[in-house]
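I opened the notebook on a new model today.

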Amino acid sequence: MNDYVVIPGDILRNDELTYGQKIILAKIMNLDNDKGCFATNKYFANLLSTSINSVSKTINKLKSMGLIEI
């Protein structure tokens with residue numbers, strides 16, 4: 001997979017976020033095409049070599065923090 005993530009400085013320096021949250025939030029922002037990000041939890045799980053359940057928990061946490069809308 002030829003992929004990359006650009007992590008804006010404000011996300012990178014946010015001490016309230018875990019590394020996984022930072023990567024997923026940055027990737028969501030990178031994939032947003034002004035119509036939203038439509039990547040699946042499975043996509044993020046494969047990208048980060050983790051479980052779909054872990055991604056789901058991370059996305060729900062980002063939502064509860066007001067950083068993304070679902």
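Before reading any helix pair, I noted how axes are taken: they are lines fitted to C-alpha atoms, for helices over the stretch in contact, and angles run from 0 to 180 degrees between N-to-C directions.

Entry 1, confidence. The model is predicted. I looked up the mean pLDDT of the protein chain and got 93. I also found that 97% of its residues reach 70 or more. Among the elements, helix 4 (residues 52-64) has the highest mean pLDDT, 97. Helix 3 (residues 41-48) has the lowest, 94.

I asked at what angle helix 2 and helix 4 pack. I read about 80 degrees, with the axes 10 Å apart. Angles of 65 to 115 degrees count as roughly perpendicular, so helix 2 and helix 4 are roughly perpendicular to each other. I then sorted their contact by class: five nonpolar, three polar and one charged residues. From helix 2, I listed Gly-20, Gln-21, Ile-24 and Leu-25. They meet Val-55, Thr-58, Ile-59, Lys-61 and Leu-62 in helix 4.

Is Gln-21 buried or exposed? Its relative accessible area is 8%. Buried means under 20%, so Gln-21 is buried. I traced its side chain to the backbone nitrogen of Thr-18, at 2.8 Å. Leaving out residues up to four places away in sequence, I found that Gln-21 touches Glu-16, Thr-58, Lys-61 and Leu-62. Of these, Thr-58, Lys-61 and Leu-62 are also on my list for helix 4.

Conventions: Residues are numbered from 1 along each chain as its sequence is written. Side-chain values use heavy atoms; hydrogens and water are left out. pLDDT is the predictor's confidence in each residue, from 0 to 100. Helices (H or I, at least four residues) and strands (E, at least two) are DSSP runs, numbered from the N terminus. Buried means under 20% relative accessible area, exposed over 50%, partly exposed in between (1.4 Å probe, protein chains only). A polar contact is a pair of N or O atoms within 3.5 Å; within protein, one must be able to donate a hydrogen and the other to accept it, and residues adjacent in sequence count only if both atoms are side-chain atoms. Contact means heavy atoms within 4.5 Å. Angles under 35 degrees count as roughly parallel, over 145 as roughly antiparallel, 65 to 115 as roughly perpendicular and the rest as oblique. Ala, Val, Leu, Ile, Met, Phe, Trp, Tyr, Cys and Pro count as nonpolar, Asp, Glu, Lys and Arg as charged, and the others, Gly among them, as polar.
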